[in-house]
Amino acid sequence: MQALHEVLSIIREHSNFDAQHLPPLQPSICDSWSDEKILEIFRKARSPEGPGSILNGEECGAVWVICHDTIVKHTRQPYTASLGPSTEYLALCFILQHTSIPVPRVRRLFAYKGYQYIVMEKIDGAPLHEVWPSLTPSQRFGVALTLQDYIRQLRQASAHYARRSCPGPMGPTPRKCLDATWLFDRDRPCGPFESQAKLLGHWNAWFDLPKRNARGSPESTKLVESHPLVLTHGDLSPRNILVGHDGRLWVVDWEWSGFYPPWCEYIMAASAALNDAMPRGWMVQPGTRQAAQSWWNYIPFITGTWPLESRLLLLEGYPALPPEGKI
């Protein structure tokens, strides 16, 4: 086992994707702009004749380019002074402080008419879902190994968060939870939950656990508190990973992030993959089926294997991606 660990460490160190600390953020022309000017340019970028281009879907906040090195994200979660900064902003700041995971640096955060706008650096690169089909098996393994290390860093860094025992999105007070639909309803967020026990109680009721006539100990028939909460991305999909022109593997779109049991990263990543396998998803585009299946196979390697939770939450029925559009 030690020999295998050493081999994997060597592969990680020689990966094409540099996960070392990022160089200083360079000044941008937009640094001198007022919030009002940024909003004006943001609105023009969203117009049909505007210069900006959308970088994300409407399920999370809309993301638009406002100049050559900067984007603006209109967060989906309503803002009030009592709620404080957005979940994504807090997650990005925490990750940059406590890990070497490449994530966008924030230039500014401001609120307007009940919503927040995150002004952050634009990452030059290609979404992993566009690159993945053309990668060799060894390159895919290198990507998966890098992402596995990112998950390890997130879990280790979680000990530095003062409110780690409170599940859900980061914030000064408990917040409602949402994700890619398997554990929460994205249209009707759940909670907030004051403790992991209450969160697990919600899921046990949601999935009707323990099942009638279930045999075994409580630990094998329902979700129980067995791990401390860790920072979880919540939508770990090739759509939200960028292969940067700088050689780094960037992770973006932390709007659904929060502190959850470590097995949630696996459940949420699998849920995201199932969504991506629906009609119009990247996994069902011509020529991507084999690549899509290989990504699905790598999810347990990246996030860890959680057979009990997979069985209890009904994911064990998907050892492979189902036929296109048959989820």
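**Close-up views of a predicted model**

**View 1. Pairing of strands β7 and β8.** Strand β7 (residues 241-244) and β8 run antiparallel and are joined by three bridges; strands are DSSP runs of E, at least two residues, and helices runs of H or I, at least four, numbered from the N terminus. Leu242 has Trp250 of β8 as its bridge partner. This is a predicted model in which local features need pLDDT of at least 70 and side-chain atom pairs pLDDT 80 or more, while totals for chains, interfaces and linings use all residues. Residues are numbered from 1 along each chain as its sequence is written, and side-chain values use heavy atoms, without hydrogens and water.

**View 2. The open sheet.** Its three strands follow the order β5-β7-β8, with antiparallel pairing (a pair needs at least two DSSP bridges). β5 (125-127) and β8 (249-251) are the edge strands with a single partner each, so one side of each has no neighbour in the sheet.

**View 3. The largest nonpolar core.** This core has 68 residues, and Trp132, Leu147 and Trp295 are among those with the most contacts inside it. Such a core is a set of buried Ala, Val, Leu, Ile, Met, Phe, Trp, Tyr and Cys residues joined through side-chain atoms within 4.5 Å; buried means under 20% relative accessible area (1.4 Å probe, protein chains only). Helix α8 (residues 263-276) gives the largest share, nine residues.

**View 4. Surroundings of Trp295.** Beyond its neighbours within four places in sequence, Trp295 is in contact (heavy atoms within 4.5 Å) with residues including Leu128, Trp132, Pro238 and Ile302.

**View 5. Confidence.** The protein chain averages a pLDDT of 84 (the predictor's confidence in each residue, from 0 to 100).

How values were computed:
Buried < 20%, exposed > 50% of the residue type's maximum accessible area, 1.4 Å probe, protein only.
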